[in-house]
Amino acid sequence: CAAVLKSMTVFVGPLPSLRSTSQQTSIQAEDPEWDTFEVYPNWRTMVDVTKDQTRDVVEIFFTLLGQGARCRLLVTPETTVEEILKRGRKELGFDQEWIPDSDFKLYVMEEHGVPGKGPISGPVKDHGLTDFEYEIYAIFEPSSY
């Protein structure tokens, strides 16, 4: 009878720990090899972050600034700003037919929340496209109210 009970799967009792104990973790943290702050004082040295555009396809952020709605789009350097506006409006659900695309002006983000100098148009490569941290703001500015 004892042999039968031993062979049965039991779902009662504590589960075994899948993580290391706190003593092992603290020993690893004290090891200088694990001290990533000393080895990499700047996280950007760990990844290849440049202010240049070197990729064929780049992920950008498209933001409707007044609503705070934001999405990610994959674009090529030849993609026009007008195409980005159409895709971004559709992705965010702001693609109503009665609001023309001409009522939106697009700006490149210079600092977080701050649009660039003036509205942009044409291929996105002409407006400082980079591999990382590139964002386009769409601001609703109708020509007539």
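## Salt bridges: the term first

A salt bridge is a side-chain nitrogen of Lys or Arg within 4 Å of a carboxyl oxygen of Asp or Glu. Side chains of opposite charge can pair when their charged atoms come close. This structure is a predicted model. By the rule above, the count comes to four salt bridges.

## A network around Asp-101

Three residues, Lys-86, Arg-89 and Asp-101, are linked in a network of salt bridges. Take Lys-86 and Asp-101. Their closest N and O atoms are 2.8 Å apart. Lys-86 sits in helix α4, and Asp-101 sits in the loop between α4 and β3.

Now take Arg-89 and Asp-101. Here the closest N and O atoms are 2.5 Å apart.

Asp-101 is partly exposed, at 24%. Arg-89 is buried, at 3%. Buried means under 20% relative accessible area.

## A sheet of five strands

Five strands form an open sheet. Their order is β2-β1-β5-β3-β4, and the pairing is mixed. β2 (69–75) and β4 (114–115) stand at the edges. Each has a single partner strand, so one side of each lacks a neighbour in the sheet.

How do the strands run? β1 (residues 58–64) pairs with β2 in the antiparallel sense, over seven bridges. Glu-59 has Leu-74 in β2 as its bridge partner. β1 and β5 run parallel and are joined by four bridges. β3 and β5 run antiparallel, with five bridges between them.

Tyr-137 is the bridge partner of Thr-63. Tyr-137 is also the bridge partner of Tyr-107. β5 itself is mostly covered, with five of its six residues buried.

Arg-72 and Glu-59 form another salt bridge. Their closest N and O atoms are 3.8 Å apart. Arg-72 lies in β2 and Glu-59 in β1, so the pair ties together parts that are 13 residues apart in sequence. Arg-72 counts as exposed, at 53% relative accessibility. Glu-59 counts as partly exposed, at 41%.

Which strands does helix α4 touch? Helix α4 (residues 81–92) packs on the sheet and touches β1, β2, β3 (104–111) and β5 (135–140). Its direction makes about 130° with that of β2.

Leu-92 belongs to this helix. Beyond its neighbours within four places in sequence, Leu-92 is in contact with Phe-62, Leu-64, Ala-69, Arg-70 and Cys-71. Leu-92 and Cys-71 are 21 residues apart in sequence, yet 7.1 Å apart in space, C-alpha to C-alpha.

## The nonpolar core

The largest nonpolar core has 22 residues. Those with the most contacts inside it are Ile-60, Phe-62, Ile-84, Leu-106 and Ile-136. β1, β2, α4, β3 and β5 each supply at least two residues of this core.

What does Ile-84 contact, leaving aside its neighbours within four places in sequence? The contacts are Ile-60, Phe-62, Leu-73, Val-75, Thr-79, Val-124 and Ile-136.

Note on methods: Residues are numbered from 1 along each chain as its sequence is written. This is a predicted model: local features need pLDDT of at least 70, side-chain atom pairs count only at pLDDT 80 or more; totals for chains, interfaces and linings use all residues. Side-chain values use heavy atoms; hydrogens and water are left out. Two strands pair if DSSP finds at least two bridges between them. Contact means heavy atoms within 4.5 Å. Axes are lines fitted to C-alpha atoms, for helices over the stretch in contact, and angles run from 0 to 180 degrees between N-to-C directions. Buried means under 20% relative accessible area, exposed over 50%, partly exposed in between (1.4 Å probe, protein chains only). A nonpolar core is a set of buried Ala, Val, Leu, Ile, Met, Phe, Trp, Tyr and Cys residues joined through side-chain atoms within 4.5 Å.
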